[in-house]
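Please open the structure in your viewer and keep a selection tool at hand. The tour below moves from one selection to the next and says what can be found at each stop.

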Amino acid sequence: MIEVKDLIKIYGTTTAVDRVTFSVPKGTILGLLGPNGAGKTTTMRVITTSLPPNGGKVSVAGYDVSEAPQEVRKRIGYLPEIPPIYGDMTIINYLKFVADIKEVPQDQKINRVGEVLEMLSLDDISRRLISHLSLGYRQRVGLAQALIHDPDVLILDEPTRGLDPKQILEIRKLIKSLSGRKTIILSTHILPEVASTCDNVVIIDQGKVVAADTVENLSQKLEGAKTLEVEVKGPAAEIKPAIEKVSGVSSVRVLGKESRGATKFEVVTDGSNESREALFNCVVKNKWVLYQLSPVGMSLEDVFLKLTTKESAA
Amino acid sequence: MNARKIVALVKKDLTQYFASPMGYLVLAVYFLVGGFFFWLIAVQSRNASMIPVFQNTIILLLFITPMITMRLWSEEEKSGTAELLCTSPLTLWDIVVAKYLAAMAFFGAMLASTLVYLIVMLSVGNPDLGPVVANYLGYILAAGAFFSLGLLASTLSENQIVSAVIAYGMLLMLWVIGAAGGNVQGPLGDFLKYISVFEHLDDFFKGVLDLTHVFYFLSIIFVGLFLSVKVLESKRT
């Protein structure tokens, strides 16, 4: 549905986006992740035809953003970084205005405005001036604006910014409920947001894609070899060389002594179940006691930090 | 160009004019000063003509125009709503023309107040209506040219004050350039005089309808709108 290929965007002398490539299949949600200034917003602005690309090809629903921007615009709902709202309009008049410029059929306009108001629970305050609203409500009006013409594609730049925890959950639920019917790209700093709402994730840093995969694969793949945390009671000096000899184990590191006379090790294995069994058998054979044998999964946060810090150190 | 979208955009900008005290303030000043000149010149001199009102309020318009046009684009850029307009199925011409029409509609409200003077004149005097039509046409065309340049100034900065200052610069230039032309000999002097608004406005105020003058104002309007579109285009690269 959305194809970004070798996208380059240059501001003056800085390359904000450098050969970014990814695609979003129809009906899926892509999380665009990256530190501030990584090029997330720029990428989104190119996809929404707000900025023309300096190189590469970007297409939405088969329409190229440079060649057929009007066709792309009709199919896209966009919530920019700052919600594009007019303070001196009421919510309902604002949404009617957006419906007009987004070509919502005249006879469906009133219905559609009502639906969107309800969807974002704005119906009670629809006649309030937008300038009198709190940040969270403004953000919701911004989302309402992006949904008003029922677009196939939604581009949401930090959709939960400025919301309180309850509102964040509501918005995430709303976004999740749109999956399948709509193709969505959302950018965020909040990692659990990606884990809870997105199907796929693309991590960008300094204008380059550093990782792109499904949320589960990414955290698994980046662990490389499987890391286990093993806690064994017994003579520490004997245990370490014994574990090192177990097949499938590549390295062992002592993490520290525990109070109950056990020692904690970090064991890196090839990730197979056989190596875990062998590890267990080795402990039993030596008549030591196994307190713990658990895989250390890397959270998305670890992956994110690992990827982006590695990049800037290089 | 799609009429529904243009109407929606014009309506939005017009609502915004009347959502702030600025719109009412500008109207009030215009009514007050226009009424004062009408009373002072037309009523006191017992001359049944719109010329004195127009001749004086056109100067006022020179000063009021930037206040009306400064927010047209600057505000959109500053509040981030430019992003909404530029990612909606609208062309830059749609946006620019709608902004221009909104400003002109606001001017229409100002102009409506002058009808009061006309009605007073018709009821107590016997003005020659031919020249009055020419007066109105010249006045509207001149305002059209001012607003077009004001809109151009607004596209140049996201700061409303800066936009207003640019507009003042451009309009005062058009005003004084004729006087400068009087001091310069040869083709350059003729050119400067040709550019000046007031050279062209005089004939309208004399009641003469000359198409070259109409053409002059229409070209300024077009150039202002065209350059506005080009400026917006260049911003999105």
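Predicted model: local features only at pLDDT ≥ 70, side-chain atom pairs only at ≥ 80, totals over all residues.

Residues are numbered from 1 along each chain as its sequence is written, and chains are lettered from A and ligands numbered from 1 in the order in which they are written.

Begin by selecting residues 2-11 of chain A, which form strand 1; helices (H or I, at least four residues) and strands (E, at least two) are DSSP runs, numbered from the N terminus. Strand 1 of chain A pairs with strand 4 (residues 55-60) of chain A in the antiparallel sense over 5 bridges, where two strands count as paired if DSSP finds at least two bridges between them. In this pairing E3(A) stands opposite S59(A).

Now select R19(A), which lies in strand 2 (residues 14-24) of chain A and has a positive phi of about 50° although it is not a glycine. Most residues other than glycine have a negative phi. D150(A), in the loop between helix 5 (135-147) and strand 7 (153-157) of chain A, also has a positive phi, near 50°.

Turn to where the chains meet: 20 residues of chain B are in contact with 22 residues of chain A, contact meaning that C-beta atoms, placed from the backbone, lie within 7 Å. On the side of chain B that touches chain A, helix 1 (3-19) and helix 5 (81-86) of chain B each supply at least two residues, and helix 1 of chain B gives the most, with 8 residues.

Finally, select residues 211-235 of chain B, helix 11, whose 25 residues should span 36 Å at 1.5 Å a residue, in agreement with end C-alpha atoms 36 Å apart; the expected span is 1.5 Å times one less than the number of residues. Among its buried residues are H213(B), F217(B) and L232(B), where buried means 20 or more other C-beta atoms within 10 Å of a residue's own, exposed 12 or fewer, and partly exposed in between, with C-beta atoms placed from the backbone. The buried residues of helix 11 of chain B pack against helix 6 (92-124), helix 7 (129-156) and helix 10 (197-205) of chain B.

Definitions and conventions
Contact = placed C-beta atoms within 7 Å.
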